[in-house]
Structures are given as C-alpha cells and as structure tokens.
Amino acid sequence: MSQANQQTAYDDNNIFAKMLNGDIPCHKVYEDDKTLAFMDIMPQAEGHVLVIPKQKAVDLSDLEPEYAAAILMTSKKIMQAQRQVFERDGIVQMQLNGAQAGQTVFHYHVHLIPSSIHELGRHAAIEVDHEKLAETAKQLAAVIEA
Ligand code: AMP
C-alpha cells in the first residue's frame, strides 16, 4: 500500500474482488488478461460501465503501470462502443480516490458514463432493471467484438 493511501487496506472480500473470483455475477461487457468491464447496476446514466484491473488496487495510488495502461486501453474500447451504441460523442470518464472523494467500492475502477458533467444522475443511488443492463452489455460487447 502506498504512502498516499494509508487509510484503506485492500479487502479481498470487496464486491469487485468477488466478481473477479466469479463469486458474484456481473453484466460483462469486455474482459482480457488484465481488465474486466461490466455494467454499473446503479448507473448515473444509461450505459454506465465500470472498468477494473485484475490487480488488488484500492485506488490510483496502488495501480501498477502495466495495469494502468491496460485500464486505459480497455476504457478506450468501451468509450468507442458507447459512442456507437448511444449515438453521442459525450462520454464522462470518472474515477474516485478515497472515501473523502466519494469512493464506495475500494477496488480501483474507472467509470465511463454516456452523459455530460452537467447531467449526471446521483452516484450509486438507484438500482435499475437487470434485463435492460444485460441487453446493453450485449450490445456494447457486440460492437467491441465486431
Ligand atoms: P465508487 O463510488 O466510485 O467506488 O463507485 C462504485 C460504483 O459501483 C457505483 O457507481 C455503484 O453503483 C457500483 N456498484 C456497486 N455494486 C455494484 C455491483 N454489484 N455491480 C455493478 N456495479 C456496482
């Protein structure tokens, strides 16, 4: 754990660690050897995706360079797919470091949200219909695979 992140030790039982272990399900959009991308179940706009590294990192201070690079490359794929599926240029890329910043899950993740900074919905507030999430995940995945 780095100097900048002394307050939160990595918890192997956090919800994203459980997803990586296959202990709980997610609406997967994309996966490779270093990253996993899936639908946020309490989206701040339709099509809100999270990208996580397959590294035990609480926040940016812990992220190793190879995972940082992989996260950005996956984020780029997701953003390009969102632009196509939602027919909009504007995609918010957001990432919270520490509870003080509003971080609620302590496994590093990037938010990619087809929205504007002026129109974002409430953070981690309202769980939406999982059938719709599954459908959107499929649409995004199909564009990435094409
Ligand atoms: P943060 O507050 O930046 O740590 O963001 C955590 C995000 O994880 C929030 O946007 C939540 O809506 C989202 N979230 C929490 N639990 C789950 C879950 N089981 N599957 C997908 N997204 C989740």
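**Starting from one histidine**

Tutor: Happy to! Let's begin with His 118, which sits in the loop between strand S5 (110-113) and helix H3 (130-145). Keep in mind that this is a predicted model.

Student: Is His 118 buried or exposed?

Tutor: His 118 counts as exposed, because its relative accessibility is 74% and the cut-off for exposed is over 50%.

Student: And how far is His 118 from Met 73 in space?

Tutor: From C-alpha to C-alpha, His 118 and Met 73 are 26 Å apart, and 45 residues separate them in sequence.

Student: Ok, new topic. Where does UniProt put the active site?

Tutor: The unreviewed UniProt entry places the feature "active site" at His 109. You can find His 109 in the loop between strand S4 (92-94) and S5.

Student: Why does His 109 count as buried?

Tutor: Its relative accessibility is 7%, so His 109 falls under the 20% cut-off for buried.

Student: Which residues does His 109 touch?

Tutor: Leaving out residues up to four places away in sequence, His 109 touches Phe 16, Leu 50, Val 51, Ile 52, Met 94, Gln 95 and Gln 103.

Student: Let's follow Gln 103 then. Where is Gln 103 found?

Tutor: Gln 103 is in the loop between S4 and S5, and His 109 has its place in the loop between S4 and S5 too. Gln 103 is buried, because its relative accessible area is 5%.

Student: What else does Gln 103 touch?

Tutor: Besides His 109, Gln 103 touches Val 58, Asp 59, Leu 96, Asn 97 and Gly 98, again not counting residues up to four places away in sequence.

Student: Can we zoom out now? How many helices and strands are there?

Tutor: There are 3 helices and 5 strands. Along the sequence they come in the pattern α-β-β-β-α-β-β-α.

Student: What radius of gyration does the protein have?

Tutor: The value is 15 Å, which agrees with a compact globule of 146 residues, because such a globule would be near 15 Å. The C-alpha atoms fill a box of roughly 40 × 35 × 25 Å along the principal axes, and buried residues make up 42% of the 146.

Student: What about charges?

Tutor: The protein has 12 positive and 20 negative side chains, and the centres of these two sets are 3 Å apart.

Student: Last one: which domain does UniProt list?

Tutor: The unreviewed UniProt entry gives "domain: HIT" at residues 15-122. That span is 27% helix and 19% strand, with its end C-alpha atoms 20 Å apart.

Key. Residues numbered from 1 in each chain as written. Predicted model: local features only at pLDDT ≥ 70, side-chain atom pairs only at ≥ 80, totals over all residues. Heavy atoms only, no water. Helix = DSSP H or I, 4+ residues; strand = E, 2+ residues; numbered from the N terminus. Rg over C-alpha atoms; globule rule 2.2 N^0.38 Å. Buried < 20%, exposed > 50% of the residue type's maximum accessible area, 1.4 Å probe, protein only. Lys, Arg positive; Asp, Glu negative; His and termini not counted. Charge placed at Lys NZ, Arg CZ, Asp CG, Glu CD. UniProt positions renumbered as here; feature names shortened; annotations may be inferred. Contact = heavy atoms within 4.5 Å.
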